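Me: Hi! I'm new to this one, could you walk me through it?
Reply: Happy to, let's have a look together.

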Amino acid sequence: MGQKLTLSVIKADVGGFVGHCGVHPDLLEEARRMLAGCDLLVDFHVTSVGDDINLIMTHRRGTDAEEIHRLAWDVFVACTGLARERKLYGAGQDLLKDAFSGNVRGMGPGVAEMEFEERESEPVVVFMADKTEPGAWNYPLFKVFGDPFNTIGLVIDPKLHGGFRFEVHDLIEHRAVDFVLPEEMYDLLVFIGAPGRFAIKSIYSRQTGWIAATSSTQKLNLLAGRYVGKDDPVCVVRCQSGFPAVGEVLEPFAMPHLVAGWMRGSHQGPLMPVAQRDAHPTRFDGPPRVVALGFQLANGRLLGPQDFFADPGYDRARQIALEVADYLRRHGPFEPHRLGLDQMEYTTLPQVMEKLRDRFRAVD
Ligand code: F6R
Ligand code: MG
Ligand code: MG
């Protein structure tokens, strides 16, 4: 057993209650029971945001550890069983394969994992979103680690002043590219400004080389080759003492930026920051929402959570999100509320278009 600690957040939608809006408490109870009964973990916290179960786990087996991924897979399979018995909606939705094969990546569940030496004090934030996709983190992660108008620490803290390295994944072509900020900010923005295709995978401090943030980037529909819902991503961020402060990490969410997702994964909508108790998207299956849970790590123990967006400081962001939601909804089936055709490729729309194909005639 190494000295390093691994923080793994693995999530899946294995059945909704009711529709695609929440997780039945029996499933969460089963997940907790299974994780409690296993000696692989140092600690865990099981929660849900929308219809996704989130397993937040600490252990000493490193990232991509087969036994940890198998544990998560077994939990999701067991919960799928309960979901089927209860006829919950879309039971087993995110489990794209019949049998576990070494790693849950590529099998449906979302994974954000980082390995590090626990600092003297180790505050982390786990972000979990529902009814959106991995690129939804591009805007806030850029603000936190690249924008001095958000993160004053980049300017006045000598430990942050050296900047950060961003690892970006091209989710369509399966390529990765690194950019160092501040020098390559414009180059970075060329790509991450297109969040449907490019997503920030991880961020590292240039001064220490330490990992600062990591996110889940699986594209469910691409994996499945058909529409099975959005990817409802998670993201982990380390804070303070050489990393942005907790408040700097939360600040971008005061602006409910537009993300792809919402109803049928086919619409633009504001990402609304909410408390855990409000993490049940209902209006037009949304609006997309994000929960931020804070933990202090203590020798791998997860002390918390602190439910950050329960803060009335985010009331105004919610208000703006609702106003934006009203405005966008009035567009009904019209772009840009409905996603552009390129992004609709992996929804159910192409099937309808196919039916109408023969109705077209040539024009001069
Ligand atoms: C979005 C989502 C829901 C469903 C919608 C239709 O990610 O999960 O908005 O797309 O409720 O669901 P089905 O096609 O299962 O009836
Ligand atoms: Mg669902
Ligand atoms: Mg979901």
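Me: Let's start with aspartate 13: buried or exposed?
Reply: Aspartate 13 is buried, as its relative accessible area is 1%. Buried means under 20% relative accessible area, exposed over 50%, and partly exposed in between (1.4 Å probe, protein chains only).

Me: Before we go on, what am I looking at, and how is it labelled?
Reply: This is a predicted model, where local features need pLDDT of at least 70 and side-chain atom pairs count only at pLDDT 80 or more, while totals for chains, interfaces and linings use all residues. Residues are numbered from 1 along each chain as its sequence is written, chains are lettered from A and ligands numbered from 1 in the order in which they are written, and side-chain values use heavy atoms, leaving out hydrogens and water.

Me: Great. Which residues coordinate the magnesium ion (ligand 2)?
Reply: Asp13 (OD), His20 (ND1) and Asp51 (OD) do, at 2.0 to 2.3 Å. Donors are N, O and S atoms within 2.8 Å of the metal (3.2 Å for Na, K and Ca); water is not among the atoms, so sites may look incomplete. Along the chain, the spacing of these donors is D-x6-H-x30-D. Histidine 20 counts as partly exposed, at 28% relative accessibility.

Me: And what coordinates the magnesium ion (ligand 3)?
Reply: That ion has Asp51 (OD), Asp52 (OD), Asp130 (OD) and Asp232 (OD), at 2.0 to 2.2 Å. Their spacing reads D-D-x77-D-x101-D.

Me: How far apart are the two ions, ligand 3 and ligand 2?
Reply: They are 4.7 Å apart, and aspartate 51 coordinates both. Distant parts of the chain are linked here too: aspartate 52 is in strand S3 (residues 52-59) and aspartate 232 is in the loop between helix H6 (220-224) and strand S10 (234-238), 180 residues apart. Helices (H or I, at least four residues) and strands (E, at least two) are DSSP runs, numbered from the N terminus.

Me: Is aspartate 52 buried or exposed, by the way?
Reply: Aspartate 52 counts as buried at 1% relative accessibility, and aspartate 232 counts as buried at 5%.

Me: Switching topic: how many disulfides are there?
Reply: The structure holds 0 disulfides, a disulfide being a pair of cysteine sulfur atoms within 2.5 Å.
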